[in-house]
Each structure stands twice: as C-alpha cells, then as structure tokens.
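I opened the notebook to record what I looked up in this model, going from the whole chain down to single residues.

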Amino acid sequence: MGFSALYLPDHFGAQPGPIAALMAAADATTTLRIGSLVLDNDYRHPVVVAKEMATLDLLSDGRLELGLGAGWMVSDYEQSGITFDSPGTRIERLGEAVQIVKRFFAGGEFSFEGKHYKINGLEGAPLPVQKPHPPILLGGGARRMLSLAAREADIVHVNYDLSEGRINRALVQTGARKRTEEKIGWIKEAAGDRLELIELGFTIFFANITDDRGSLAEAMAPGMGFEPRDVLEMPHFLIGTLDQIEADLTQRRDRFGFSDVIVPGEAAESLAPVVERLAGT
C-alpha cells in the first residue's frame, strides 16, 4: 500500500508482544522497515533491549527503527505490579537507558555507572547492521521529555502531554495546534545545532474519510472542549475527503516540519491513496 514502515506499541492489552511480532513482519517482507512505538523502558532492562534490538536489526538486514519511551499508561503499571515512579524519575531513567543502548550498539566492551543502572565490562554483541546505530525514536508532549528527545534521538515525535497517565479530555487538549507549536519551540531550543539532523514526526490517532467533515467536527468538538475548527486543525486527527486530508498533511509538514507520519492500522487501506501521492514529496 506504499507505507515505508510498520510500528507496534508496547502495552499489556490484547495485542501481540512487539519484539516477536516485528520479526515476523520483517521476515514476511523484503523492504518494509519495522519499529516500536514505543518500548516502555520500565518493562525491560536496557541491556536486554539493546541485545534484542541489535538482533532484530541484524535479522531484518538493517530495517529497524527503535522507539523508546519512559512509560505513561497507569493501567499497564497497575495490572503488572510494576512501580509507577514520578515522570521525572522515569525520564531520568530513560535518559540513562538511551546512553546504554547506544554504547551497546557501538560494539566492544563498555561500562556505565549512573543513578539507575550500572554496567560492568559488557560486550556489545551482536552488532546491528545500521551504523552508527539503528535510528532511535523518542517522543512526548511535555518539555522535559521533548528536550531529551531533541538531544538524543534521530526521530522526534510530538505527542500529547501524557503526564496524567490516562486518556481524558485534558490530555486531548494538549494536542491542539497552538500547543503543538509550543512543543516544536522546545525541541528547537534543546536541539541547537543538531536540529537539522532530526526528523520530526507525529502519530494520527483518529482518521475518518468523509464528505462532510464540518458536521463531524461539530459533533466531536463539545466533548473535547474545542471549537469545530480546533478539531480540524488538531495535528493528531485526519478528517475529510482524501484531497482534504492530503492538503492537511502537506500543511502540517510546512507549518511544523513534520515528515514522519504514522497512521493507525485500521485506517491504513483507506489512506493508502494519500500515502502514494505524498510519497515523492
């Protein structure tokens, strides 16, 4: 259908485990890239993540994109019994994990000592195919997480502010156009000279092909505390005809610098014509 990559999330709901499922997708294809959106750092030690991901990159002939996250969904932690630390602690721990993963991918023996992790003379093996390492994706919707992403990631995704840990009206409001512009400013400030090395992206969480997007926006707006125009301008929504959706994606690329767009699997077939049109741009 023209998509360049398949991403899978990392939650404890009714979905496949991402590592085995991504390898199955890679093995069934020849050019499709595979990625995690995103592996929760609290579910696996970073050495385990690094070894598994290096193996995935090796077995897929260099098609991995590694998304890592600090964890956010409270229900995952409640169901699994994993301690849900403060956002600051989880982000701090993720920052150390990113350093460990990068050191592992570089190969050779290395050690690391931080506040949360200690590595003693570990050999980074196997080595990933991609050099210096598979693209690392980090994202978020709050300043601290986006600043970490701007300093460390190859791909930075702008998301809702997930600090509340649950999907609700307040969370959705953090994805509005003006809030997104603020987030882009934080990324630029933290990235400094490396901004040109970063690919900016976002995820579409709601897509609807319709000839009457005005009526749909009017119906959705009150529940989110928005005006209908706000719904249509929400970067994480795609509503309208295929031509309108193509125009919206082009506008978001030009306004925000977004070039990496992820759409929900259930909308992949209906949005395929837009993907084909935009692939060369």
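**Conventions.** I worked on a predicted model, in which local features need pLDDT of at least 70 and side-chain atom pairs count only at pLDDT 80 or more, while totals for chains, interfaces and linings use all residues. Residues are numbered from 1 along each chain as its sequence is written, and side-chain values use heavy atoms, with hydrogens and water left out.

**Whole chain.** I looked up the secondary structure and found 11 helices and 12 strands, where helices (H or I, at least four residues) and strands (E, at least two) are DSSP runs numbered from the N terminus. The radius of gyration is 19 Å, close to the 19 Å that the globule rule gives for 281 residues, so the chain is as compact as a globular protein of that length; the radius is taken over C-alpha atoms, and the rule is 2.2 Å times the number of residues to the power 0.38. Of the 281 residues, 46% are buried (under 20% relative accessible area, with a 1.4 Å probe and protein chains only).

**Strand β2.** I then checked the side-chain directions in β2 (residues 33-36), where Arg-33 and Gly-35 point one way, Ile-34 and Ser-36 point the other way, and all are buried. Strand β1 (residues 5-8) pairs with β2 in the parallel sense over 4 bridges, pairing being called when DSSP finds at least two bridges between two strands. Leu-8 has Ser-36 as its bridge partner in β2. On the other pairing I noted, β2 and β4 (residues 64-69) are parallel over 2 bridges, with Gly-35 opposite Glu-65 in β4.

**Ala-26.** Why does Ala-26 count as buried? I found Ala-26 in helix α1, and it counts as buried because its relative accessibility is 2%. Not counting residues up to four places away in sequence, Ala-26 touches Ile-34, Ser-60 and Arg-63, contact meaning heavy atoms within 4.5 Å.

**Cores.** The largest nonpolar core has 54 residues, and Leu-68 and Leu-94 are among those with the most contacts inside it; such a core is a set of buried Ala, Val, Leu, Ile, Met, Phe, Trp, Tyr and Cys residues joined through side-chain atoms within 4.5 Å. Helix α4 (residues 87-106) gives the most to this core, with 8 residues. I also listed the contacts of Leu-68 beyond four places in sequence, which include Val-38, Val-49, Leu-94 and Leu-138.

Technical notes:
Buried means under 20% relative accessible area, exposed over 50%, partly exposed in between (1.4 Å probe, protein chains only).
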